[in-house]
Amino acid sequence: MIPNARDTIQRMIADRREALVGLTRELVRFPTINPPGEAYEPCARFLGERLTRAGFAVEYVVAVGRPEHTTAHPRVNMVARRDGGRARPSIHLNGHIDVVPVGSGWTMDPFAGIVRDGRLYGRGTADMKGGLAAAIIAAECLVDSGAALGAIEISGTVDEETGGLAGVAHLAEIGRLTSRSIDHVIIPEPLQVDRVCIGHRGVWWFDVETRGRIAHGSMPYLGVSAIEHMGEILHELRETLQPELARRLTALPVVPEDSRRATLNVNTVEGGQVGERVQSPCVAHACRAIFDRRFLVEEDLAGVRREIDEVLTRVRHRLPQLDVSVSDRLLVHPMETPRSSPLVGALESAIADVLGREATLVASPGTYDHKHFTRIGGITNCVAYGPGVLEVSHQPDEWVGIDDLVASAQVMASAILGLNDY
Ligand SMILES: [Zn+2]
């Protein structure tokens with residue numbers, strides 16, 4: 001073994017600081033806004049051409065058959081693999097290439113990649129083109145170092161911001177991202193350079209619909225208002241279930257701290273003459289609310305669903321006319337990487353090595369593509385680790401720190417060496 005392989009790689013990455021900034025900036029200049037999914041193909045080809053030059057075998061996987069994939073907005077994923085001198089381990093670095101819409105409040109061009117005071121600004125710098133660029137520089141340096149390694153894979157995938165079904169989920173479903181060919185996955189999402197993210201809470205989005213009886217608005221007592229019934233349901237949730245959820249704390253180290261609780265958010269309420277500018281006087285015959293329930297790894301889904309049924313039963317006792325139904329919209333199970341995973345250990349020791357401080361294990365307040373790697377691909381050694389801070393993601397004047405870009409590339413490369421027994 002080469003005793004100073006880690007030092008060598010850290011120096012190589014430090015020397016490529018400008019190249020790392022340049023690569024991030026080039027990625028930011030593709031306006032890969034999602035929705036609707038702009039500029040995916042040129043961005044995927046740019047990544048593929050670069051990795052081909054670095055000796056990777058590159059494939060472009062188009063999510064044919066998915067409803068999101070259209071001629072106007074093709075869903076093109078890039079997957080690259082380089083087999084090393086050893087059969088295993090096979091380590092996959094994944095970044096989503098989509099970014100959320102720009103929004104208002106920017107003081108500079110969101111797609112220029114402007115550098116100021118040690119930060120690179122632009123939409124997607126933190127979430128997560130900076131992380132993807134750091135992963136690529138780390139992999140290129142490992143290749144150039146000549147160290148005998150297992151396989152390294154890099155993917156640039158689409159649609160993470162809208163659920164990832166045409167991206168990582170599609171690649172896992174067709175068998176391209178599974179435990180058969182991959183042992184470890186690092187997703188350089190903006191979780192901060194000294195933190196390793198080992199999962200997220202579960203998500204249950206559901207619709208509640210109330211149905212009433214239409215009547216003339218001047219004689220509302222002749223009808224049944226679906227909106228007033230929804231109001232009773234919202235009141236019951238606020239008085240009974242929400243305080244109970246606020247008392248439940250997960251042992252998963254979710255950040256920010258308040259997201260360690262179970263939560264219920266009302267995403268949408270619409271009822272009556274929805275979408276009509278001109279209104280006629282009517283009692284609302286229908287109302288729909290969409291809820292976002294974040295549940296803990298310690299809660300079971302059957303119990304989570306039962307609590308909602310119990311709320312509706314209590315409301316029905318007061319309002320015998322209540323006509324209500326519940327339907328699912330989206331379900332994501334909680335994820336938790338085993339703390340004994342060698343990947344977690346390798347990143348912890350790499351962080352100590354590169355940054356000289358102890359790593360913190362965290363979990364993400366929202367979900368990310370981890371779920372698809374684990375639930376569809378069957379890969380349990382999966383974490384998010386990358387530069388960028390959560391708090392500036394999706395915000396105006398999003399940025400990533402240049403020192404953090406370099407340090408995260410050093411940590412990823414060092415962890416890969418560690419997993420290869422260097
Ligand atoms: Zn992201």
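The domain assignment, which is automatic or taken from a database, divides the protein chain into domain 1 (3-200 + 334-419) and domain 2 (202-332). The model is a predicted one, in which local features need pLDDT of at least 70, side-chain atom pairs count only at pLDDT 80 or more, and totals for chains, interfaces and linings use all residues. Residues are numbered from 1 along each chain as its sequence is written.

The centres of domain 1 and domain 2, taken over C-alpha atoms, are separated by 37 Å. Where the two domains are in contact (C-beta atoms, placed from the backbone, within 7 Å), nine residues come from domain 1 and 12 residues from domain 2. On the side of domain 1 that touches domain 2, strand β14 (residues 360-364) gives the most, with three residues. That side divides into five nonpolar, two polar and two charged residues; here Ala, Val, Leu, Ile, Met, Phe, Trp, Tyr, Cys and Pro count as nonpolar, Asp, Glu, Lys and Arg as charged, and the others, Gly among them, as polar.

Turning to the whole fold, the protein chain holds 10 helices and 16 strands, defined as DSSP runs (H or I, at least four residues, for helices; E, at least two, for strands) and numbered from the N terminus. Its radius of gyration is 24 Å, close to the 22 Å that the globule rule gives for 422 residues, so the chain is as compact as a globular protein of that length; the radius is taken over C-alpha atoms, and the rule is 2.2 Å times the number of residues to the power 0.38. Of the 422 residues, 47% count as buried, that is, with 20 or more other C-beta atoms within 10 Å of their own.

The interior can then be followed through its cores, each a set of buried Ala, Val, Leu, Ile, Met, Phe, Trp, Tyr and Cys residues joined through C-beta atoms within 7 Å. In the largest nonpolar core, of 93 residues, Ala138, Leu347, Val383 and Met412 touch the most other members. Beyond its neighbours within four places in sequence, Met412 is in contact with Leu93, Ala134, Ala135, Ala138 and Ile186. Another core lies apart from this one and has 19 residues, among them Val224, Ala262, Val283 and Phe295.

Definitions and conventions: A residue is buried if 20 or more other C-beta atoms lie within 10 Å of its own, exposed if 12 or fewer, and partly exposed in between; C-beta atoms are placed from the backbone.
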